[in-house]
Amino acid sequence: MNLGDVQFTRRAGMLVAELTGEIDLSNAESVGQAIAETTSNLDAGVVLDLSALRYLDSAGIQFMFRLREQLRTRGQSFALVIPAQSASNDALRLAGVTLHVETFETQRDALRSAAADRDDG
Amino acid sequence: MSTEDSRFPDRPLPRGTGQAILPPVELEIAPSEQVRLLYSLSDPTLSELELDEFLDELLARVQEALSVDTVAILLFDEASQQLVARAARGLEEEVERGVRIPIGRGFAGRIASERVAIFIADVDHADILNPILGQRGIRSLLGIPLIVEGSLIGVLHVGSLTPREFGQTDLAVLQVAAVRAAPGIERAQLLSALRHEQRVAMVLQRSLLPKQLVEAVGVSVGARYVPASDEVGGDWYDMFELDGGRLGIAIGDVVGHGLRAAALMGQLRTALQAYALQGADPGRTLVLVDRFVQALPDFAMATAAYAVLDPDTGRVRVASAGHLPPLVVGGDTPRVVELIPAPPLGAFPYGHCSEHETTLAPGETLVFYTDGLIERPGIPLTQSIEAMLELLGGQTSVDDLCHLAIQQLVPVEGLRDDVALIAIQNSPVPDELMLEFPAEPRVLSEARRALRRWLRHVGADRDQAAEITLAASEACANAIEHAYSPAPARFTLHARAHAGEVTLTVRDGGQWREPRGEHRGRGLTIMKAAMHEVEANSSSRGTEIVMRRRLHP
């Protein structure tokens, strides 16, 4: 069994990556790489949905930040979906990440916000 | 060579210019010498030999009895309708080169098709197909068919390097050898075909059972397979990991024996695991496997049971397709899991298979078995199941349980049916956790699972368990990632609870390094945020991180 897995869909011009299982030092890099490789330059950005993720640690947080940087240099947006009650929220909260990164309760919120930003830009 | 003087005066066989077809002859009254020779062909100890040894020995005795230079046996291969050289003396190259003679052609081919003895006085003037006979310098040949119950088995022939008139007695001796050889060959062929099938089935069976059982946190597993006394059957057991740390445990029994049952077993085992990995629940998994069996070209039937265990909670869901109910043993209430089985796989298509849920308390063991273990003539199955429950009910060790079951329940005289047994225990949770791991990232999830389970055992609530586990995993990741050179190394995770406070110690043999970059700093941030106290002690012998958290304010 894979410890963690990622599934992709494209919605409203965005690549939506839904993570399941657990992300830690053992698989964070390969999951991050899979997302980076699947992102095309036609995508307006990436929505990373952690709602169904059961575990996330600092190695996972690191890959998220790296991904955000990669996207920013290509002019693509990045949004995190983390319901307050999700397991991965623990790590983000304890690491102080949620204070600095905009997160959304649902995919729909994230996609709507991304579309609004594009209209503004 | 020829010892004419010591032999019974022989009437010559009729000889044609090329070859002569001979009618069967009566063996004339033989002197003691011939009795000895004939007896040597009928020696009962020959029957105990394997086919190759048997043929070699028989040919040696024919060669001696008839004082001939060459003896050969060609066996009839029904598939190709050819004679295949199988054993020879003085003509070994015939076997080595795998000489094949089509039925109906040449010397041996005609003996086979016409089922008559043929004598060739002069090879030069005869229709000989096999060039080796000529190359070897054979001058005269005498051959007869090997027949058992009207079926052609092969051809036996003898040859002489000097021109020789074979006599009636020669033919008669050869016939005795043929009569002796043919059933032996047939029996040996059947035996060797059977042994071959048994061997193949055994290898197949072994290759289809899991080589080693999954090792998972919080469970202990044991399994046994015992073949029946005379052949393999179609019993199997299996265990595999599902997502979320859950475990699938399967057992099954294909109706029938031998190669076909073993092969079908392999298909069913694979099908079941494939559906289970797709995420199907136990009942649904068996419904899908039943459909799979229905779709097989040949009618097949099997029973199977499948369970999914969540080691974190001990909860187990079980479904059965005609399979005997599992037991739960080793706890306060040993019991038979009362489930409503669906019909056996392959019996008829069904759309539903009900599931039964039970919980394994820490220390309890779920036991699956096949009917070979308890089926005894004249004893009702329910009675046998109760007896087994009585026998295994108090077992608290999976290894002991498997050992006891096989030792006590498998009859001394062997099994009529094969037996599969798999037992999975929800391991007792220790009051103090002491784990050692190789310093590799893949062990992190296992460490977390073990710790979560332990934390609940000592009274941490869900959120506390999640946060403490996160802190511990960060400390373990630190030990793996930064404390080592690439050489193999290990680290330990120690957890104990005292007066409402949990203390975790992660110890490694490497040198502490200051956090590098944003990422490591974040790991330490998480540890400090999740725990009330975090201290790192480093010495030349290694680094330890000690963390404390009060569970109750």
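Modeller: Before we start, please keep in mind that this is a predicted model. Chain B has 553 residues, of which 42% are buried.

Colleague: How many helices and strands does chain B have, and what percentage of its contacts between residues at least 6 apart in sequence join residues at least 24 apart?

Modeller: Chain B has 13 helices together with 22 strands. When contacts in chain B between residues at least 6 apart in sequence are considered, the share that joins residues at least 24 apart is 67%.

Colleague: Which element gives the largest share of the side of chain B that touches chain A?

Modeller: The contact takes 23 residues from chain B and 19 residues from chain A. On the side of chain B, the elements that give two or more residues are α11 (444-457), α12 (462-481) and α13 (517-530). By class, that side has ten nonpolar, five polar and eight charged residues. The largest share, eight residues, comes from α12(B).

Colleague: What is the handedness of the crossing of α11(B) and α12(B)?

Modeller: The axes of α11(B) and α12(B) come within 9 Å and cross at roughly 145 degrees. The crossing of these two helices is right-handed.

Colleague: How do the residues of the contact of α11(B) with α12(B) divide by class?

Modeller: From α11(B), the residues taking part include L444(B), L451(B) and R452(B), and those they meet in α12(B) include I468(B), T469(B) and C476(B). Taken by class, the residues of this contact divide into nine nonpolar, two polar and three charged.

Terms used: Residues numbered from 1 in each chain as written. Chains lettered and ligands numbered in written order. Predicted model: local features only at pLDDT ≥ 70, side-chain atom pairs only at ≥ 80, totals over all residues. Helix = DSSP H or I, 4+ residues; strand = E, 2+ residues; numbered from the N terminus. Buried ≥ 20, exposed ≤ 12 C-beta atoms within 10 Å, placed from the backbone. Contact = placed C-beta atoms within 7 Å. Nonpolar A, V, L, I, M, F, W, Y, C, P; charged D, E, K, R; others polar. Axes fitted to C-alpha atoms, helices over the stretch in contact; angles between N-to-C directions. Left-handed = near helix turned anticlockwise from the far one by under 90°.
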